[in-house]
Amino acid sequence: MTLPAAGTSQSRRTLPFANTDRLPEYTIAQGERVRLGASVQQTRGSVQDRAQHEGKSRRSMSMAPARRAAQALTAPVRGLAELLLLPRGRYARAFENLILALIVLSVASIGVETIPGLPGWAARALRIEEIVVVGVFSLEYLLRIVAAGEKRAFIVSFNGLVDLLAIAPFFLAGFDTRWLRLLRWLRLLRVLKLQTHILEATVAERTRELADKNAALERAQAQIKAELEVARALQMAILPAAFPATAGCDGAARMIPATTMGGDFYDFIELPDGRIGLVIADVSGKGVPAAFFMAVARTNLRDLAAHHADPGACLAETNEVLCTQNPLDLFVTVFYCVFDPDGSVETLDGAGGLALGVMPGVVFPDHTTRLLPGDRLLLYTDGVTEAFNPSDEAYGTQRLLAEVQAPGDGAAAALIERICRSVTSFAGTAPQSDDITLTVLTRKAP
């Protein structure tokens, strides 16, 4: 059998139907072929698929109104179940208490019904009470079925059977159901189990919340600690690391804060004519407030030292400034002296005065003394002598003098290191009670 080829009247192709291994081919145009068998099968399959799809679509369209109607009916019931039955429902706890009260009332009514000569009105009241109990229990049973994901599994479960037994005696009209109502005591087990589950869930939730808050607190504390460490590093950086280079003198100092930041400070101030100001101070209190006041006091004292040759005048003006910059009513005890290697000296009769920042108008007298070759000037705060050991015993002045007088390296840095080791060894495991600050100035022998 021959068919005309499209596009030319001369080109013809005989369809090889005799070869069953190959599908029939039909030449549509020269050089173009189509497998007829495949096309027919695909077309047939497409028609069948469309028919099935259209059938499913028609069935879905016919079932859609019924499904929407069912959803519209069950939606309010599900909403009521969420309010009354879910642990987080608004009225769940009140509904549980109502169920407990009805269980106790129902079981107690059994004893009342056994009273001989019970009046008719009492019997009617008990009957009404039973109707109310069964009504509430039935509502709860239906709500639990609606809310259950696997309804059949709930019905045959222990909880489902207990709920059913709570209402079944009312409908067993042909039997003496009075004593059968005692089975409602089983509801107590169910309710108590539910309340235990709710309590466990609440405890777990509170535990998670507490863990989250603790984690947030730890992060905040870590951030605060990191910021305080930076502030501590900055505070230590503003203190001079070395004594000014001066012929015939050796100086050193160290400050060990009791907390992250300290209120003690020391300073070496280079003054005109080769003089050197030595400062050691102790701010009232500890921690961040004392550290801030320490920075204010040190800055003011250092700035004013260059304008006053006498230490007393410098302290007096520093006191005036601090009294105007002291919102927390802090104060600072200061020892300030000026070392003049070429100046004349007189005997030091005594020293002492009011702390800075307490009140304005205070006069600070000047005193002088001579530092001979080989002499050492030791300045320290009360954190040294008032360091306590585990037995609450103070380090004291005598132990400090013993370290100063002990033979050894006469360098200022070596003396400070020896005193710090002695204080640390004495305190042992006791916490540091106050900032420790030491300054040593040694006049070298010629």
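Which residues form one aromatic cluster? Phe-243, Tyr-266 and Phe-268 do. Keep these names in mind, as two of them come back below. The model shown here is predicted.

Start with the whole protein. There are 11 helices and 10 strands. Of the 446 residues, 33% count as buried. Now take the contacts between residues at least 6 apart in sequence. Among these, 67% join residues at least 24 apart.

How many bridges join S6 to S7? There are 7, and the two strands run antiparallel. Strand S7 takes up residues 276–283. You can find individual partners in the model. Ile-269 stands opposite Gly-277 in S7. Asp-267 has Val-279 in S7 as its bridge partner. S6 and S7 form a hairpin, with 5 residues between them. In that turn, Asp-273 has a positive phi of about 65°.

Is S6 mostly covered or mostly open? It is mostly covered, for 6 of its 7 residues are buried.

Now turn to the aromatic rings. The structure holds 4 aromatic pairs. One of them joins Tyr-141 and Phe-154. Their ring centres are 6.4 Å apart and their planes stand at 35°, so the pair is tilted. A stacked pair would need planes under 30 degrees apart, and an edge-to-face pair over 60. Tyr-141 lies in helix H3 (residues 120–147), while Phe-154 lies in helix H4 (residues 151–156). The pair therefore ties together parts that are 13 residues apart in sequence.

Why does Tyr-141 count as buried? Its relative accessibility is 10%, and buried means under 20%. Phe-154 is buried too, with a relative accessible area of 13%.

A second tilted pair is formed by Tyr-266 and Phe-268. Here the rings are 5.9 Å apart, centre to centre, with 50° between the planes. Tyr-266 has 7% relative accessibility, so it counts as buried. Phe-268 has 5%, so it counts as buried as well.

Finally, look at helix H5, residues 158–171. How far apart should its ends be? At 1.5 Å a residue, its 14 residues should span 20 Å. That span counts one less than the number of residues. The end C-alpha atoms are 20 Å apart, which agrees. Yet H5 bends by about 30° at Leu-165. A proline, Pro-169, follows within four residues.

Which residues of H5 are buried? They are Gly-160, Val-162, Asp-163, Ala-166, Ile-167 and Pro-169. An α-helix has 3.6 residues a turn, so residues three or four places apart point the same way.

Technical notes:
Residues numbered from 1 in each chain as written. Predicted model: local features only at pLDDT ≥ 70, side-chain atom pairs only at ≥ 80, totals over all residues. Heavy atoms only, no water. Pairing = 2+ DSSP bridges. Bend = angle between axes of the 7 residues up to and from the residue. Buried < 20%, exposed > 50% of the residue type's maximum accessible area, 1.4 Å probe, protein only. Phe/Tyr/Trp six-rings, centres within 6.5 Å; stacked < 30°, edge-to-face > 60°. Contact = heavy atoms within 4.5 Å.
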